[in-house]
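Colleague: I'd like to learn how to read a protein model. Could we go through a few features one by one?

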Amino acid sequence: MPYGEVMARLAFLGTPEMAVAPLRALTGAGHDVALVVTRPDKRRGRGGYTTPSPVKAAALELRIIPAVVLEKVPLVNLHFSLLPRWRGAAPLERAILAGDRETGVCLMKIEEGLDTGPVYARRAIPLDDDITLQQLRARLVELGCDLLLAALADGVDHLPAPESQVGEPTIAERITSEDLQLDWSQPAGQVHRVVRLGRAWTTFRGKRLTVLEATIDVARAQPGGALRPGAMVGAAVVTGDGVVQLIRVKPESRSPMSADEWLRGVRPENGERLGTD
């Protein structure tokens, strides 16, 4: 087998879509995932139908049969940051928002504290100014799968000795709707970081406008003279320092569309502002 001959009997803890690939990687490599722990099913829609978490759906597909939780099991966790930076719920989002120049994945020992356990192995990647949250997740899931399988190649008993985290911890708080609201008085680079998270929003004429894709317009610092932040000249939007060019948007109660298509429909006046409602 590509990752060694010794297979481990494991419990897998996870919920979101990005945790599915590591689960599939472990079972595909022949490890015995005897227990999967995830969140309860959620109710959706008026009919009260329930839907499982992505991890539960994958576990059922893989015919994993739950077993009783053992009192003592070695627990490891894939955490998508370079610990101790960005412990907590939203490490990738916070790394993007902070303008970090690198991020990565850590295989850590689970302790009672929030992501405080020692680290078995880690891998880092550069974080550029254009990668979106979705793209970053995909890269780190692939990297994390390789890291996990390599660490368990000879079984749980042969994991490398974990090393204590070194450095000043930072906490990655959950991303709220307020975090995703575009503040046009911020520099263009910071506005663009929020857009890269995928759910950035602003308002136009009293309705919400989701900005799905944008880019920093490096060709000009201020279109049409000294305009206030949020002012539009075509698809160009003035920020506190520089200009952001809208590429794709989603108006309230409508489907995603190009910024040019949206502008043809709303016909804003030159200098009309976003985010004033």
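Modeller: Buried means under 20% relative accessible area, exposed over 50%, and partly exposed in between, with a 1.4 Å probe and protein chains only. Here, both Phe 204 and Trp 262 are buried. A word on the ground rules: this is a predicted model, where local features need pLDDT of at least 70 and side-chain atom pairs count only at pLDDT 80 or more, while totals for chains, interfaces and linings use all residues. Residues are numbered from 1 along each chain as its sequence is written, and side-chain values use heavy atoms, with hydrogens and water left out.

Colleague: How many aromatic pairs does the structure hold?

Modeller: Rings of Phe, Tyr and Trp (its six-membered ring) pair if their centres lie within 6.5 Å; planes under 30 degrees apart are stacked, over 60 edge-to-face, and the rest tilted. The structure holds 1 such pair. Phe 204 sits in strand S10 (residues 200–204) and Trp 262 in helix H7 (residues 259–266), so the pair links distant parts of the chain, 58 residues apart. Those labels come from DSSP runs numbered from the N terminus: helices are H or I with at least four residues, strands are E with at least two.

Colleague: Which residue lies over the face of Trp 201?

Modeller: A charge sits over a ring if NZ of Lys or CZ of Arg is within 6 Å of the ring centre and within 35 degrees of the ring normal. Arg 208 does this over Trp 201, at 3.7 Å from the ring centre.

Colleague: Is Asp 217 buried or exposed?

Modeller: Asp 217 counts as buried because its relative accessibility is 16%. This residue is found in strand S11 and touches Val 243, Val 244 and Gln 245, again not counting residues up to four places away in sequence.

Colleague: What about empty space?

Modeller: Rolling a probe the size of a water molecule over the atoms shows where empty space is left. On a 1 Å grid over the protein atoms alone, a cavity is a set of points where a 1.4 Å probe fits but cannot get out; a pocket is an open set with protein on both sides within 12 Å along at least five of seven lines; lining residues have an atom within 4 Å of a point. Searching the whole structure gives 1 cavity of 30 Å³ or more, and the largest cavity holds about 40 Å³ of space. Among the residues lining the largest cavity are Asp 100, Arg 101, Asp 128 and Arg 193.

Colleague: And how big is the second largest pocket?

Modeller: Its volume is about 320 Å³. Of its 16 lining residues, Thr 132, Val 195, Arg 196, Leu 212 and Glu 213 are the closest to the centre. S11 gives the most to this lining, with 4 residues.

Colleague: Finally, how many helices and strands are there in the protein?

Modeller: The protein has 7 helices and 15 strands. Buried residues make up 42% of its 277 residues.

Key:
Points joined across faces, edges and corners; volume = space filled by probe spheres on them. Contact = heavy atoms within 4.5 Å.
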